[in-house]
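Please walk through this model with me, one region at a time.

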Amino acid sequence: MRSMELRVLRYFLTIAQTGNMTRASQILNLTQPTLSRQIAELEDELGVRLIERGHKGITLTEDGIFLRQRAQTLVELADRTSLSLRSQRGELSGEVAIACTESRGASLLFSLMASFRAAHRAVRFTVHSANVDAIRQRLDQGLADIGLLTEPAVRKDYETCQLPVMDSWGAIVPASSPLAHKEAIGPEDLDGQMLILPSRREVWKPIEKWMGQKIADARVAATFNLGRNAGAMVAEGVGVALALDLGALTEGTVFVPFTPLLETGSLIAWKPGQALGQAAAAFLDHITSELRKG
C-alpha cells in the first residue's frame with residue numbers, strides 16, 4: 001500500500017459517514033476538488049467505482065460498502081497502534097481496548113478498570129459492547145486487547161481467567177402478564193409462550209437442558225444479541241425473552257428468575273502471543289493479580 005492510502009481511506013470514510021462531498025471536505029479542511037481527485041485516484045488504483053453522486057447526495061456502491069467495512073478496521077487498528085507507541089516516558093499511558101458482553105461480570109471488570117486508573121491516570125480505556133462472536137472477531141483482528149465473554153465460550157484459541165461472579169437466567173415478561181406476578185418461572189410456565197432468544201445457538205443448549213426439551217423453531221418469535229433490544233421487543237408484545245438478569249429493564253417489563261436456578265459464568269480472554277501495548281499488558285497483569293487475591 002502506498003503511504004498516502006491510509007489518509008485517503010480516512011477521506012473515504014468521512015464521505016461515507018456524511019453522504020455529502022461538500023460537508024466531508026469541510027470536516028477534512030480540504031477543497032472539494034482536492035477531495036474529489038483523491039477519491040478518483042483511489043478508485044483508479046483499486047479498479048472499481050466506490051461512490052455514486054445523485055440529487056440526494058452520495059451513496060456507496062457495493063464495492064464502496066465492502067471497502068468501508070475493511071477501511072474502518074484498518075484505520076481503527078492503525079490508530080490503536082499509534083496510540084500504544086506514543087506512550088509517555090516515566091508514566092504509563094496509552095489505550096486499552098476492551099470488548100465485552102452484557103453481564104454482571106462487566107461490573108467487576110469496570111471496578112478493576114477504576115482501581116487501575118487510580119494508579120495510572122494517563123491510561124485510557126475504550127469499551128466496545130457486543131456478543132461473544134463479535135468479541136472473538138475483534139480479539140482475532142487485534143482490535144481488542146481483552147475480551148469479556150459469557151459462557152459457553154470457545155477457550156481453545158485464547159488464554160482465559162474465570163471471573164468469580166455468576167449471571168442468573170430468567171424471563172423478561174410484560175408487566176401486564178400473569179407471569180409478572182410469579183416469584184419464579186418454571187419450564188411449564190413457558191408452555192405456549194412465543195420466545196425471544198439469544199442469537200447464538202450455543203446459548204440455547206443450557207436453556208433447553210433446563211426446559212427438558214428442544215426449542216422448536218416455530219416457538220421462536222425473534223432473536224437478539226443485546227439485552228436492551230430483548231426488553232424493548234417484550235414491551236412491544238413480540239414475545240417473552242429468555243435472558244440474563246442485568247438489572248436494567250425496559251419500562252413496562254418485569255424480570256422473573258428461573259426455577260430451578262440456571263446460571264452462567266463469565267471469563268476474561270486474550271490472544272496468546274499477541275503483542276500488547278504497555279498499558280494493556282499492565283492492565284492484564286492487574287486483572288490476574290487482583291483475581292488471585294480474591
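The sulfur of cysteine 100 has its closest cysteine sulfur in cysteine 161, 14 Å away, which is too far for a bond. A disulfide is a covalent bond between the sulfur atoms of two cysteines. Here the term is applied to a pair of cysteine sulfur atoms within 2.5 Å. The structure holds zero disulfides. Both cysteines are covered. Cysteine 100 counts as buried because its relative accessibility is 2%. Cysteine 161 counts as buried too, at 14%. Buried means under 20% relative accessible area, exposed means over 50%, and partly exposed lies in between, with a 1.4 Å probe and protein chains only.

This is a predicted model, in which local features need pLDDT of at least 70 and side-chain atom pairs count only at pLDDT 80 or more, while totals for chains, interfaces and linings use all residues. Residues are numbered from 1 along each chain as its sequence is written, and side-chain values use heavy atoms, with hydrogens and water left out.

Now take the strands. Helices (H or I, at least four residues) and strands (E, at least two) are DSSP runs, numbered from the N terminus. Strand E5 covers residues 146-150. Why is E5 largely enclosed by the rest of the structure? Five of its five residues are buried. Ile146, Leu148 and Thr150 point one way from the strand. Gly147 and Leu149 point the other way.

E5 has strand partners. Two strands pair if DSSP finds at least two bridges between them. Strand E3 (residues 94-100) pairs with E5 in the parallel sense, over three bridges. Alanine 99 stands opposite glycine 147 there. Strand E11 (residues 263-270) pairs with E5 in the antiparallel sense, over four bridges. Threonine 150 has serine 266 as its bridge partner in E11. For leucine 149, the partner in E11 is leucine 267.

E11 is mostly covered itself, with seven of its eight residues buried. It also pairs with strand E6 (residues 159-174), again in the antiparallel sense. Seven bridges join E6 and E11. One links threonine 160 to alanine 269.

Next, look at the loop between E3 and H5, where threonine 101 sits. Threonine 101 is buried, with a relative accessible area of 7%. What does threonine 101 contact, leaving aside its neighbours within four places in sequence? Its contacts are Ala106, Ala130, Asn131, Val132, Ile135, Leu148, Leu149 and Thr150. Contact means heavy atoms within 4.5 Å.

Follow the chain into helix H5 (residues 105-119). H5 packs with helix H9 (residues 278-293) at an angle of about 115°. Their axes are 10 Å apart. Axes are lines fitted to C-alpha atoms, for helices over the stretch in contact, and angles run from 0 to 180 degrees between N-to-C directions. The crossing is right-handed. A crossing is right-handed if the near helix is turned clockwise from the far one by less than a right angle, and left-handed if anticlockwise. From H5 come Leu108, Leu109, Leu112, Met113, Ser115 and Phe116. They meet Ala279, Ala282, Phe283, His286, Ile287, Glu290 and Leu291 in H9. By class, this contact has 10 nonpolar, two polar and one charged residues. Ala, Val, Leu, Ile, Met, Phe, Trp, Tyr, Cys and Pro count as nonpolar, Asp, Glu, Lys and Arg as charged, and the others, Gly among them, as polar.

Leucine 35 lies in helix H3 (residues 32-46). Its relative accessible area is 0%, so leucine 35 is buried. Not counting residues up to four places away in sequence, leucine 35 touches Tyr11, Ile15, Met21, Ala24, Ser25, Leu28 and Leu30. Glutamate 208 is found in helix H7 (residues 201-211). Glutamate 208 is buried, at 12%. Beyond its neighbours within four places in sequence, glutamate 208 is in contact with Gln213, Lys214 and Ile215.

Finish with the backbone. Most residues other than glycine have a negative phi, and most peptide bonds are trans. Asparagine 29 has a positive phi of about 60° although it is not a glycine. This asparagine 29 lies in the loop between helix H2 (21-28) and H3. Asparagine 29 counts as exposed, at 71% relative accessibility. The peptide bond from glutamate 151 to proline 152 is cis, with omega near 5°. Proline 152 lies in the loop between E5 and E6. A cis peptide bond also joins threonine 259 and proline 260, with omega about 0°. Proline 260 lies in the loop between strand E10 (253-257) and E11.
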